[in-house]
Protein chains: 2
Amino acid sequence: MTDQQQTPRAVLFDIDGTLVDSNYAHVDAWVKAFRDVGHPVDAWRVHRSIGKDSALLVAGLVGDEVAAEIGDRVSGLHSEHYAEHLGDDPDLHVLAGATELLAELSRRGHQVVLATSAPEDELAVLRGLLDVEDALWAVTSSEDVETAKPDPGMVEVALEKAGVDASRAVMVGDATWDVEAASSAGVQGVGVLSGGFGAGELRDAGAVEVHEDVAALLAALDDSVLTR
Amino acid sequence: MTDQQQTPRAVLFDIDGTLVDSNYAHVDAWVKAFRDVGHPVDAWRVHRSIGKDSALLVAGLVGDEVAAEIGDRVSGLHSEHYAEHLGDDPDLHVLAGATELLAELSRRGHQVVLATSAPEDELAVLRGLLDVEDALWAVTSSEDVETAKPDPGMVEVALEKAGVDASRAVMVGDATWDVEAASSAGVQGVGVLSGGFGAGELRDAGAVEVHEDVAALLAALDDSVLTR
């Protein structure tokens with residue numbers, strides 16, 4: 001009963017793989033980039049690193065020593081290959097329910113924050129695709145923090161922007177890194193399967209709920225931790 | 001003790017995502033194909049259908065009615081897009097440990113069977129990449145059965161070719177469909193993560209063991225159900 005007297009929770013959203021179907025384009029771009037520099041990496045290992053800070057992703061996949069040598073080059077090549085998916089006619093689509101969920105949360109008085117570490121140029125394209133500006137309270141980008149997820153810095157910046165305590169926020173994301181970053185900042189994490197991580201992986205990382213995608217989360221909104 | 005007197009188990013291998021790093025190329029090709037025909041499908045849903053019979057994959061993703069309309073066209077487009085990954089210089093690589101595991105099993109007297117439903121032309125390229133012909137007891141292909149995994153037909157054909165009872169065989173695969181097909185035929189399934197399915201998903205489908213990849217399975221071979 002007391003819960004109902006509290007203000008609605010702030011809801012922090014990851015974008016890639018959560019609101020936009022872009023994770024597999026990132027996998028494709030990284031696989032090509034690693035191949036270009038002569039250090040091929042298995043696609044599934046790349047996939048499991050998506051959502052992580054780029055520098056951590058590279059070091060985690062090829063080790064610190066090789067990363068020091070190829071890191072900048074492979075990140076640049078990733079951006080080039082990824083840009084092919086983001087051209088004049090992006091081959092990425094907004095995931096079902098994304099626009100509707102953000103609008104509904106905003107309508108109910110939740111502060112909706114995009115908590116991504118995507119670079120400014122990628123973020124601009126993603127926001128263009130999403131077309132949810134009216135529903136947004138705030139947005140964080142790579143400019144706001146030095147190290148992205150799973151470092152909790154991004155989540156902490158998002159909390160500051162929302163002006164709420166960690167206990168009155170929820171993070172929605174598709175990657176174990178989202179959930180881990182949220183947990184480290186004291187925020188409950190809700191997982192979605194639309195980025196290709198498994199439900200078991202997300203729960204093991206600390207997700208308190210797992211939904212197929214944001215459309216399923218919207219359908220279950222009244223029973224979700226988002227509205228408690 | 002009695003176990004040690006039995007002949008070594010037959011080991012049935014899936015290829016895509018298990019021995020060759022090809023699942024994400026298949027996801028890419030299907031995503032493009034569905035987009036080409038104006039029925040875009042989320043990449044993660046495609047990913048979770050990889051390893052399944054093509055006709056079942058299409059019907060599962062767009063429904064029977066739309067599948068009846070676009071099925072042949074989208075399958076043809078998938079083959080075209082996938083062929084781009086299989087050109088003169090395939091951008092797919094053999095997963096670490098694949099060649100070594102098959103050679104070691106053959107050396108120990110196991111019957112090694114490739115149990116795939118890949119079409120003959122794809123299979124020829126995959127076998128060329130693998131270069132393990134000397135280690136093989138038999139190979140099944142799409143020619144051998146009408147419906148591929150998760151139908152157990154493919155596993156049953158592989159057992160016939162090996163001339164062993166289901167209880168003396170193990171199936172190694174990356175997809176829940178491999179494990180389900182094996183279980184339906186009474187064969188124990190061993191999962192690998194190299195196709196991008198989660199460990200929890202594979203265990204839920206009935207996998208008795210899950211390893212990161214075939215290199216990890218080779219390293220753990222003496223403790224594995226394969227050698228019991």
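**Exercise 1. Find the residue of β2(A) that is the bridge partner of A:V11.**

Solution. In this predicted model, look across from A:V11 into β2(A): the bridge partner there is A:V112. Now widen the view to the whole strands. Strand β1 (residues 10-13) of chain A runs parallel to β2(A), and 3 bridges join the two.

**Exercise 2. Decide which residues cover each face of strand β2 (residues 112-115) of chain A.**

Solution. Recall that side chains in a regular strand alternate between the two faces of the sheet. On one side you will find A:V112 and A:L114, and on the other A:V113 and A:A115. All four are buried, and both faces are covered.

**Exercise 3. Classify the ring pair A:Y24 and B:Y24.**

Solution. There are 3 aromatic pairs over all chains. For this one, the ring centres are 6.0 Å apart and the planes meet at 25°. Planes under 30 degrees apart count as stacked, so this pair is stacked. The pair crosses between chains, linking helix α2 (residues 23-36) of chain A to helix α2 (residues 23-36) of chain B. Finally, check burial: A:Y24 is buried at 9% relative accessibility, and B:Y24 is buried with a relative accessible area of 9%.

Technical notes: Residues are numbered from 1 along each chain as its sequence is written. Chains are lettered from A and ligands numbered from 1 in the order in which they are written. This is a predicted model: local features need pLDDT of at least 70, side-chain atom pairs count only at pLDDT 80 or more; totals for chains, interfaces and linings use all residues. Side-chain values use heavy atoms; hydrogens and water are left out. Rings of Phe, Tyr and Trp (its six-membered ring) pair if their centres lie within 6.5 Å; planes under 30 degrees apart count as stacked, over 60 as edge-to-face and the rest as tilted. Buried means under 20% relative accessible area, exposed over 50%, partly exposed in between (1.4 Å probe, protein chains only). Two strands pair if DSSP finds at least two bridges between them.
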